[in-house]
Amino acid sequence: MTRVTLSVNNEKRAIEAPPMKRLLDVLREDLHLTGAKEGCGEGECGACAVLMNGDLVNSCLVPILQTQGAEITTIEGIAIDKKLHPIQQCFLEQGGAQCGICTPGMILATYHLLENIPQPTLLQIQEGLNGNLCRCTGYMRIFNAVHAAAAKATSQSESQ
């Protein structure tokens, strides 16, 4: 067993787990944060994506040992005062979520993309969401949700 101290959604946590236990399993089983989903278990689908020190990572590929001192943000951690984050709201309004398996990873990939490119082109959105697979929507509603979130963020920053 290994003891790891990290921050999860801005809360300091101490975890005792086997060193190679996946971050995904620690989040879901030990911390009861079930937003990240296991899709493929091989880092191919993005359903388990989280932010680790500001980078988008597939939590199914990260052993808990590598998270010592890390800042982890899950889908549960982007809500604002227990209200949906504007990106989450846009996915809801645009129909960017259907079965829900890919949605947390898509939203976190969108969050990461918009942090780096506030007004992305369609090509930049496609590249930013690369690695996140959806088998339900055909992607256009997801792309529309990203565009809407970018527009909403721009209008909010202009009004401040």
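Contact here means heavy atoms within 4.5 Å. Keep that in mind as we walk through this predicted model.

**The whole chain.** Start with a cartoon view. Along the principal axes, the C-alpha atoms occupy a box of roughly 45 × 35 × 25 Å. The radius of gyration is 16 Å, which agrees with the value near 15 Å that a compact globule of 160 residues would have. Of the contacts with a separation of 6 or more, 55% join residues 24 or more positions apart.

**Helix α1 and its cover.** Now select residues 23–30, which form helix α1. Which of its residues are buried? They are Leu23, Leu24, Asp25, Val26 and Leu27. Next, show β1 (2–8), β2 (11–17), β3 (49–52) and β5 (71–73); these strands are among what covers the buried residues of α1. Step just past α1 to His32, where phi is positive, at about 60°.

**The largest core.** Move on to Phe91, Met106, Leu129 and Val146, and show their side chains. They have the most contacts inside the largest nonpolar core, a group of 22 residues. The elements that give two or more residues to this core are α2 (86–94), α3 (103–116) and α5 (140–159). Apart from this core lies another, of 20 residues, including Leu6, Val26, Ala36 and Cys60. Val26 is also one of the buried residues of α1. In soluble globular proteins, nonpolar side chains tend to be buried together.

**Zoom in on Met106.** What does Met106 touch, leaving aside residues up to four places away in sequence? Select Phe91, Leu129, Asn132, Leu133, Cys134, Tyr139 and Ile142 to see its partners.

**Two loop residues.** Most residues other than glycine have a negative phi, so the next two stops deserve a look. Asn10 sits in the loop between β1 and β2, with a positive phi near 65°. Is Asn10 buried or exposed? Its relative accessibility is 73%, so Asn10 counts as exposed, the cut-off being over 50%. Then jump to Lys82, in the loop between β5 and α2. Phi of Lys82 is positive too, near 60°, and Lys82 counts as exposed because its relative accessibility is 85%.

**Surface and charges.** Finish with a surface view. The protein exposes about 8500 Å², of which carbon and sulfur atoms supply 49%. Buried residues make up 43% of the 160. Colour by charge to pick out the 12 positive and 16 negative charges, whose mean positions are 6 Å apart.

Key: Residues numbered from 1 in each chain as written. Predicted model: local features only at pLDDT ≥ 70, side-chain atom pairs only at ≥ 80, totals over all residues. Heavy atoms only, no water. Rg over C-alpha atoms; globule rule 2.2 N^0.38 Å. Buried < 20%, exposed > 50% of the residue type's maximum accessible area, 1.4 Å probe, protein only. Areas by Shrake-Rupley, 256 points an atom, 1.4 Å probe, with all protein chains shown as cover. Lys, Arg positive; Asp, Glu negative; His and termini not counted. Charge placed at Lys NZ, Arg CZ, Asp CG, Glu CD. Core = buried A, V, L, I, M, F, W, Y, C linked by side-chain atoms within 4.5 Å. Helix = DSSP H or I, 4+ residues; strand = E, 2+ residues; numbered from the N terminus.
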